[in-house]
Each structure stands twice: as C-alpha cells, then as structure tokens.
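Hi,

Here is the structure I promised to pass on. Have a look at it first, and then read my notes below.

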Amino acid sequence: MKTVLRMTPQTQLVLSISKKLGHSTNHEILIESRKTLPGLSPTTVHRITKRLIANGLLADGPKINGQILVDANT
C-alpha cells in the first residue's frame with residue numbers, strides 16, 4: 001500500500017544515505033544522518049524508511065541478528 005510521501009529534508013537525507021550504504025540498519029542510517037541533522041530521532045528514521053519502502057524507493061532486506069536491513073537496491 002502506497003502512503004503519502006513528502007520529500008522533506010529529513011526524507012531526502014535518509015534516502016541519500018540509504019543509497020550510499022546499500023544494505024543498512026535504521027541505526028546505521030541514524031548515525032550517518034546525525035552528522036548532518038544532529039536532532040534526528042530513531043523514530044523519525046524508522047518512519048521515513050517505512051514510508052520509503054511502502055513507496056518502492058527502498059526495500060526490506062534480510063533480517064540478520066534480529067535487525068532488519070534496509071535495501072537500497074529495489
């Protein structure tokens with residue numbers, strides 16, 4: 001199900017970092033994102049990645065050691 005996708009600066013940053021990292025966890029995306037936006041919360045990153053996955057811009061990757069990877073290769 002597609003959801004409304006606003007391309008806020010936070011969304012653009014998360015998408016850009018996800019593509020740069022390839023396969024990554026939300027935590028890895030958060031660490032990189034905080035270099036640019038120090039106040040970004042883990043919840044915000046999670047919500048953004050879920051919206052990007054729902055809209056086909058990212059994909060769910062495999063679950064490794066209990067953490068779901070975000071896959072930039074759709």
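A word on terms before the findings: helices (H or I, at least four residues) and strands (E, at least two) are DSSP runs, numbered from the N terminus. Axes are lines fitted to C-alpha atoms, for helices over the stretch in contact, and angles run from 0 to 180 degrees between N-to-C directions.

Please keep in mind that this is a predicted model, in which local features need pLDDT of at least 70 and side-chain atom pairs count only at pLDDT 80 or more, while totals for chains, interfaces and linings use all residues. Residues are numbered from 1 along each chain as its sequence is written, and side-chain values use heavy atoms, with hydrogens and water left out.

Let me start with a pair of helices. Helix 2 (residues 26-33) packs against helix 3 (residues 42-54) at an angle of about 115°, and their axes are 9 Å apart. On the helix 2 side, the contact (heavy atoms within 4.5 Å) is made by N26, I29 and L30. Helix 3 brings P42, V45, H46 and T49 to it. Four of the contact residues are nonpolar, three are polar and none is charged (Ala, Val, Leu, Ile, Met, Phe, Trp, Tyr, Cys and Pro count as nonpolar, Asp, Glu, Lys and Arg as charged, and the others, Gly among them, as polar).

Next, some single residues. S33 lies in helix 2 and counts as buried because its relative accessibility is 0% (buried is under 20% relative accessible area, exposed over 50%, partly exposed in between, with a 1.4 Å probe and protein chains only). Not counting residues up to four places away in sequence, S33 touches L13, V14, I17 and L40.

T11 sits in helix 1 (residues 9-21) and is buried too, at 0% relative accessibility. Leaving out residues up to four places away in sequence, T11 touches L5, R6, I48, R51 and L52.

With residues up to four places away in sequence not counted, L52 touches L5, T11, V14, L15, L57 and L58. L52 and T36 are 16 residues apart in sequence and 20 Å apart in space, C-alpha to C-alpha.

Finally, G56 is in the loop between helix 3 and strand 2 (59-64). At 43% relative accessibility, G56 is partly exposed. From G56 to A72 it is 16 residues in sequence and 9.8 Å in space, C-alpha to C-alpha.

Best wishes
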